[in-house]
Amino acid sequence: MQFHHHGYVSGDPRVQDAAGTGVDRPAELPDQMDVLIVGSGPAGMLLAAQMSQFPGVTTRMIERRDGRLVLGQADGIQPRSVETFQAFGFAERIIAEAYNIGWMNFWGPDPANPENIVRTARTEDYAFKISEFPHLIVNQARVLDYFAEAAAHGPGRIVPDYGIEFVGLTIHDEGEYPVEVRVRPSTGSGAGAGERAGDERTIRAKYVVGCDGARSGVREAIGRKHVGGISAHAWGVMDVLVNTDFPDWRTKCAINAEAGNILHIPREGGYLSRMYIDLGEVADDDDHRVRQTPIEEVIRKANAILHPYSIDVKQVAWHSVYEVGHRVTDKFDDVDVDQGHAPRVFLTGDACHTHSAKAGQGMNVSMQDGFNLGWKLGHVLSGLSPASLLETYSAERQPVAQQLIDFDREWSSLMARKPEEISDPQELATFYLGTAEFPSGFMTQYGQSMIVTDAAHQGLASGFPIGKRFKSSEVVRVCDGNAVHLGHHAKADGRWRIYAFADRAAPGAASTLSDWARYMASDASPVTRFTPAGADVDAVFDVKVIYQQAHEDVDIMAVPKLFLPETGPLGLIDWEKVYAAAPSAWTSTDIFEERGLSRDGVVVVVRPDQYVAAVLPLTATDELTAFFATALLPQR
């Protein structure tokens with residue numbers, strides 16, 4: 001990681017200097033703010049961490065609990081989420097404490113004795129086949145802790161206002177703070193309650209984000225509806241510490257038996273495991289009574305399914321019973337089509353999509369909701385982008401939620417089948433591996449919009465599909481010869497990334513790349529037009545170059561000054577924007593080959609949330625500037 005560019009740092013470099021609203025942040029919830037986040041779940045906490053990188057924006061988060069989440073219900077962390085953790089600076093630490101899913105085994109009835117189960121398939125997990133990041137299991141509470149740390153250590157110093165409950169809101173047509181929000185203390189405690197404990201009060205915000213779960217009060221306040229229903233099938237779920245003779249206790253398993261089905265997921269720490277136990281069909285007149293099933297019955301059912309193996313439960317850390325529901329909210333913001341103004345209230349996570357837990361998608365998709373929205377709010381409220389940018393949030397995330405519901409409905413149906421309904425014992429394993437790109441989080445592809453171009457030049461970079469997340473690859477950092485992942489250098493700091501993949505010429509020679517760099521340093525370029533006066537040259541755009549040569553053949557002092565910017569109060573040269581693609585002693589990868597990049601050079605533009613926004617030839621400088629003119633406002 002880079003630090004010292006603002007002066008010598010002797011403490012933890014992850015703790016950034018406070019700035020803007022992070023300096024002397026008031027302990028009590030103020031009467032007015034730019035962004036109010038309601039709820040501190042995965043979407044809300046990620047959103048807070050992102051907004052902390054925009055210290056000029058006043059952001060507050062209210063949470064009805066009186067403190068941090070102790071025991072989370074979600075635990076599956078897909079590779080795309082770990083990739084996101086990398087951008088927020090804590091991937092390595094959470095990987096170290098998490099359970100890494102290396103395999104998934106499948107069990108079914110023994111043909112010779114159907115009352116017993118036998119292992120029918122042993123499959124490698126999909127994660128490392130499609131990503132450099134693993135597939136993890138870790139308590140949701142720890143994920144929230146890490147995002148809370150990132151929010152508190154960012155320049156904005158955002159911390160939750162605990163003990164405050166959302167009551168309702170009214171959106172006004174006029175005023176600088178048009179969203180009127182009613183709140184009250186939920187526990188009589190919490191820093192946000194302040195001297196007004198016990199009293200309902202009104203606060204005002206420019207924007208409100210509902211991250212308040214499946215029973216969202218924010219969703220109800222703006223009149224949005226959950227569309228969908230609950231299936232007539234119930235599952236018990238429990239986190240347990242046990243002794244057992246089941247040989248795959250520390251391996252993820254899908255178990256199909258005469259007595260029912262289990263999805264078994266080992267947890268972090270080496271001892272804890274989560275079990276989803278099939279409780280069967282629910283009668284039409286059940287009226288949710290199945291949710292009162294005692295834990296003893298859930299354990300008995302688990303042992304019946306596991307026969308001839310058994311579990312001796314020593315402790316139940318948490319348990320619940322639920323009926324599978326599949327719902328998507330009709331829109332993820334408060335504005336209907338053609339109302340003529342940008343949205344003011346947004347919904348994220350379970351507030352706008354709910355489904356079963358067995359596909360491990362809820363927390364993961366929720367976090368991507370927050371990532372998608374956060375930088376857009378930051379850009380609009382910082383004056384970098386027009387308010388119309390916020391219209392892309394619902395347009396981009398609602399189709400993703402519907403895809404999730406469709407996938408989860410199919411996976412849940414497969415998991416709930418009876419043995420006699422299964423003609424191919426390998427079908428579930430085949431489906432699990434064959435659909436890996438979706439549950440890994442890598443199938444999302446945003447359509448053409450003001451921040452995603454058409455695919456006219458896609459052929460120049462076939463391995464970076466427009467609208468999909470930037471798939472990293474190893475390159476060699478020229479300044480020190482180290483092999484690094486190009487995408488891992490991009491932090492969740494709200495900046496756009498512009499990767500210039502050079503043509504064949506080396507630095508110093510006349511080339512299309514040198515012409516492009518000269519344009520990008522001119523008054524006509526997007527870097528000049530859309531970077532605020534007085535800000536660092538890379539405050540909005542992080543521009544990097546990747547040469548085709550080996551790193552030892554790149555004369556870094558001949559590289560255009562665009563790629564060696566002088567930034568920070570000391571005007572120090574940033575040496576880490578120049579890379580080489582040719583294989584070296586430390587990597588056998590050539591990113592041009594691996595990602596199908598044109599040897600004539602190509603520009604790849606990546607949004608602050610890591611999605612590819614544009615692919616252009618080096619000669620298309622006017623087209624590049626025109627693209628940014630739709631997403632950004634002139635600053636000079």
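**Close-up views of a predicted protein model**

**View 1. Surface and overall build of the predicted model.** The protein exposes about 25,000 Å², of which carbon and sulfur atoms supply 49% (areas by the Shrake-Rupley method with a 1.4 Å probe, where for residues only the protein chains shown count as cover). This is a predicted model, in which local features need pLDDT of at least 70 and side-chain atom pairs count only at pLDDT 80 or more, while totals for chains, interfaces and linings use all residues. Residues are numbered from 1 along each chain as its sequence is written, and side-chain values use heavy atoms, with hydrogens and water left out. Buried residues (under 20% relative accessible area, 1.4 Å probe, protein chains only) make up 58% of the 636 residues.

**View 2. Strand β21, residues 496-501.** Strands here are DSSP runs of E with at least two residues, numbered from the N terminus. In β21, 6 of the 6 residues are buried, so the strand is largely enclosed by the rest of the structure. In a regular strand the side chains alternate between the two faces of the sheet. Trp496, Ile498 and Ala500 lie on one side of β21 and Arg497, Tyr499 and Phe501 on the other, and all of them are buried.

**View 3. The pairing of β21 with β22.** Two strands count as paired if DSSP finds at least two bridges between them. Strand β22 (residues 541-547) runs parallel to β21, with 6 bridges joining the pair, and phenylalanine 541 of β22 is the bridge partner of tryptophan 496.

**View 4. The pairing of β21 with β26.** With strand β26 (residues 602-606), β21 pairs in the antiparallel sense over 5 bridges; here phenylalanine 501 has valine 602 of β26 as its bridge partner.

Note on methods
Buried means under 20% relative accessible area, exposed over 50%, partly exposed in between (1.4 Å probe, protein chains only). Helices (H or I, at least four residues) and strands (E, at least two) are DSSP runs, numbered from the N terminus.
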